[in-house]
Amino acid sequence: MDLSAINPAVLAASLMVAATPILLAAIGELVVEKSGVLNLGVEGMMITGAICGFAIAVETGSPVLGFLAAMLGGAALSLVFGFLTQVLMSNQVATGLALTLFGLGFSALIGQGYVGIKPPAMAKPDLGPLADIPVLGRILFSHDLIVYLSLGLVVAVWVFLRFTRPGLILRAVGENHDAAHALGYHVVRIRLAAIAFGGACAGLGGAYLSLIRVPQWTEGMTAGAGWIALAIVVFASWRAGRVLLGAYLFGGVAVLQLNLQAAGVAVPVELLSASPYLVTILVLVIMSADRGRAALNAPASLGRVFHASN
Amino acid sequence: MIRLEKRPQPSRIWTVATPVLAVALTMVAGGLMFAALGKDPVVAIRTIFWDPLFNEQFASYSRPQLLVKAGPLILIATGLSLGFRAGIWNIGAEGQYIMGALAGAGVALALYPLDAWFLFPLMVLAGALGGWAWAMIPAILKTRFRTNEILVSLLLVYVAEQVLAAMALGLMKNPEGGGFPGSRNLQHYPAAANTELIAGTGMHWGVAAAFIAVIAAYVMLTRHMLGFQIRLAGQSPRAARFAGVNPNALVLICLGLSGALAGLAGMFEVSGPAGRVNIGFNQGYGFTAIIVAFLGRLHPVGILLAGLLMALTYIGGELAQFMLGIPAAAIQAFQGMLLFFLLGVDVLSNYHIRLGRRRVA
């Protein structure tokens with residue numbers, strides 16, 4: 001066992017990479033849940049994004065087009081969920097599950113011809129002297145664009161929900177859809193937009209997995225990342241800043257356990273592999289045990305069906 | 001302008017008709033998907049839904065498989081439906097299935113080569129307990145800390161898969177297996193084997209258990225107080241509180257029952273058709289059972305039929321893979337699509353469709 005081989009700066013840098021897919025999916029789901037919709041299909045949208053992005057990137061040779069395709073794929077699938085839950089008023093829990101089951105099968109189907117192929121690499125932005133700063137440069141300024149994009153997205157969502165009028169309307173729809181409807185807001189339209197945004201974010205996160213983090217396509221490669229993203233939204237008690245914290249906490253556990261596996265620590269490999277899931281459960285328990293904190297921020301209309309009576 | 005008007009009560013006719021309609025719509029959409037894959041859609045649909053039962057060449061092999069595959073699906077879905085009715089979402093049946101299989105096989109492997117009549121009943125008990133215990137984790141977290149049971153039960157599937165890997169590579173590995181992962185084959189261990197009860201039918205103890213579970217669930221839902229409480233809690237949680245239903249007890253009972261049934265299904269599978277504990281022996285029955293539960297309208301008899309139909313798509317899917325080169329993943333997508341259509345057409349049983357312009361109030 002050789003723990004000295006673990007370099008904290010590299011660890012911190014890879015933590016950010018490991019956290020990015022989940023951060024993207026979670027920030028998207030945050031907006032969806034803030035509008036009062038519980039979409040449990042994050043896993044399905046992520047894996048669909050992963051394969052859409054991978055396939056297009058391989059076919060066109062352009063990772064950027066791949067990421068765009070992933071966002072489109074994720075959003076398209078999420079709109080199936082949107083149509084079923086908002087227009088046909090189906091149960092959100094069951095429809096979300098259907099989305100995940102369908103996404104896993106559909107992605108495996110498309111992905112048949114892409115197993116074992118290496119995707120085109122994405123150029124990293126050259127931040128010049130910034131990247132040469134010892135330690136900090138390695139941690140903060142040596143990443144690809146998507147990592148910075150994900151951080152920007154967190155700030156944007158925070159500003160949107162907290163300081164803008166559309167953000168306020170979205171929250172109003174999530175808190176009390178009947179009142180928002182009575183005020184003349186288009187509840188269904190606003191929710192569909194939020195759902196599509198969440199789908200695009202999840203798709204982007206999935207493509208980050210298949211194009212940069214791994215980078216390869218394997219069936220079921222998201223391995224529960226979407227569910228962890230859902231858990232992080234609960235952990236964050238529906239706040240953008242806390243989503244960042246939760247995702248990076250999870251990224252830290254994921255990276256640390258991989259490093260410990262590589263260093264040959266005397267802990268069973270399976271226990272290390274299961275640790276991200278166990279930590280997520282533990283965090284969920286801690287958050288929900290505090291009755292006041294957990295209930296305070298949950299959107300009041302979360303998961304409820306909206307049907308305008310006239 | 002099309003407009004929806006909520007029915008005071010779900011339509012009885014549509015409740016029965018919508019699953020059939022959903023299956024028909026899925027066949028059409030699935031046909032389009034197969035056409036997109038470059039296969040003849042009519043041949044593909046016939047290969048999946050007709051040939052396993054009626055083709056002279058394949059039926060002799062396929063028909064028994066129907067019960068083999070439907071058994072675990074029905075067993076798990078019956079348990080899940082109880083919770084779903086009460087608004088308690090156990091979606092980690094796959095994990096409970098694995099833990100039940102490990103517990104059941106563990107008993108057999110620990111007592112190997114004991115040859116006693118009580119070994120198999122002991123394994124059945126252990127299997128149920130294993131699944132029950134795994135389901136008790138989300139149940140107790142839910143009742144004690146109000147933790148979301150959907151997320152916990154699902155995350156525990158991944159943990160269970162790691163436990164399975166640890167067992168297949170470590171504790172339960174066959175000492176005479178030449179270093180390969182996986183346990184002894186329980187089918188070669190007569191006292192522990194879950195054998196066919198009637199030769200050539202695919203009927204094993206797990207299928208018998210599934211039928212018993214269906215009957216028991218039917219009786220419970222229609223005749224027993226607990227069944228009434230489950231239905232009441234799902235339809236109106238507030239009314240249930242006033243009627244003296246203890247929501248925490250309901251969570252423990254529903255999750256416990258569904259976990260135990262999933263564990264049983266895993267145990268019957270590992271000692272029967274699968275034979276041994278190995279990585280990936282779980283075939284996703286725990287997830288497909290969710291579709292079965294909804295397709296069966298959360299009604300025991302419906303689940304029985306839905307389980308048979310879903311088993312047919314598994315077998316037909318294998319046949320289509322073999323005959324037409326349709327990838328296995330297509331069947332998975334097909335099953336997912338079925339759930340989409342099912343949830344979509346549900347609107348017909350809950351709402352009136354009204355044509356005409358909306359009146360301004």
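This is a predicted model: local features need pLDDT of at least 70, side-chain atom pairs count only at pLDDT 80 or more; totals for chains, interfaces and linings use all residues.
**Exercise 1. Domains of chain B**

Task: State which domains the assignment of chain B gives, and describe how they touch.

Solution. 
- Step 1. The assignment divides chain B into domain 1 (1-37 + 327-361) and domain 2 (54-324).
- Step 2. Between the C-alpha centres of domain 1 of chain B and domain 2 of chain B the distance is 28 Å.
- Step 3. Domain 1 of chain B puts 10 residues into the contact, and domain 2 of chain B puts in nine residues.
- Step 4. On the side of domain 1 of chain B that touches domain 2 of chain B, the elements giving two or more residues are α1 (12-36) and α14 (328-345) of chain B. The most comes from α14(B), with seven residues.
- Step 5. Sorted by class, that side of domain 1 of chain B has eight nonpolar, two polar and no charged residues.

**Exercise 2. Overall form of the two chains**

Task: Find what radius of gyration chain A has and what radius of gyration chain B has, and set each against the value for a compact globule.

Solution. 
- Step 1. For chain A, 310 residues in a compact globule would give a radius of gyration near 19 Å; chain A has 20 Å, so the two agree. Its C-alpha trace spans about 65 × 45 × 40 Å along the principal axes.
- Step 2. For chain B, 361 residues in a compact globule would give a value near 21 Å; chain B has 22 Å, so here too there is agreement. The C-alpha trace of chain B spans about 80 × 55 × 35 Å along its principal axes.
- Step 3. Buried residues are 51% of the 310 residues in chain A and 53% of the 361 residues in chain B.
- Step 4. In chain A, 80% of the contacts between residues at least 6 apart in sequence join residues at least 24 apart. In chain B, contacts with a separation of 6 or more are 78% between residues 24 or more positions apart.
- Step 5. Chain A has 14 helices and zero strands, whereas chain B has 15 helices and four strands.

**Exercise 3. The contact between the chains**

Task: Determine how many residues each chain gives to the contact and which element of chain A gives the most.

Solution. 
- Step 1. The contact takes 40 residues from chain A and 38 residues from chain B.
- Step 2. On the chain A side, the elements with two or more residues are α3 (63-87), α4 (92-110), α11 (225-235) and α13 (269-289) of chain A. Of these, α4(A) gives the most, with 12 residues.
- Step 3. By class, the chain A side holds 28 nonpolar residues, 11 polar residues and one charged residue.
- Step 4. For the complex, the predictor reports an ipTM of 0.85 and a pTM of 0.88. Chain B has an average pLDDT of 85, and 98% of the residues score at least 70.

**Exercise 4. The setting of A:V159**

Task: Is A:V159 buried or exposed?

Solution. 
- Step 1. A:V159 belongs to helix α7 (residues 145-163) of chain A.
- Step 2. The count for A:V159 is 12 other C-beta atoms within 10 Å. A residue is exposed if that count is 12 or fewer, so A:V159 is exposed.
- Step 3. A:V159 and A:A240 are 81 residues apart in sequence, and their C-alpha atoms are 9.2 Å apart in space.

Key
Residues are numbered from 1 along each chain as its sequence is written. Chains are lettered from A and ligands numbered from 1 in the order in which they are written. Two residues are in contact if their C-beta atoms, placed from the backbone, lie within 7 Å. Ala, Val, Leu, Ile, Met, Phe, Trp, Tyr, Cys and Pro count as nonpolar, Asp, Glu, Lys and Arg as charged, and the others, Gly among them, as polar. Domain bounds come from an automatic or database domain assignment. The radius of gyration is taken over C-alpha atoms; the globule rule is 2.2 Å times the number of residues to the power 0.38. A residue is buried if 20 or more other C-beta atoms lie within 10 Å of its own, exposed if 12 or fewer, and partly exposed in between; C-beta atoms are placed from the backbone. pLDDT is the predictor's confidence in each residue, from 0 to 100.
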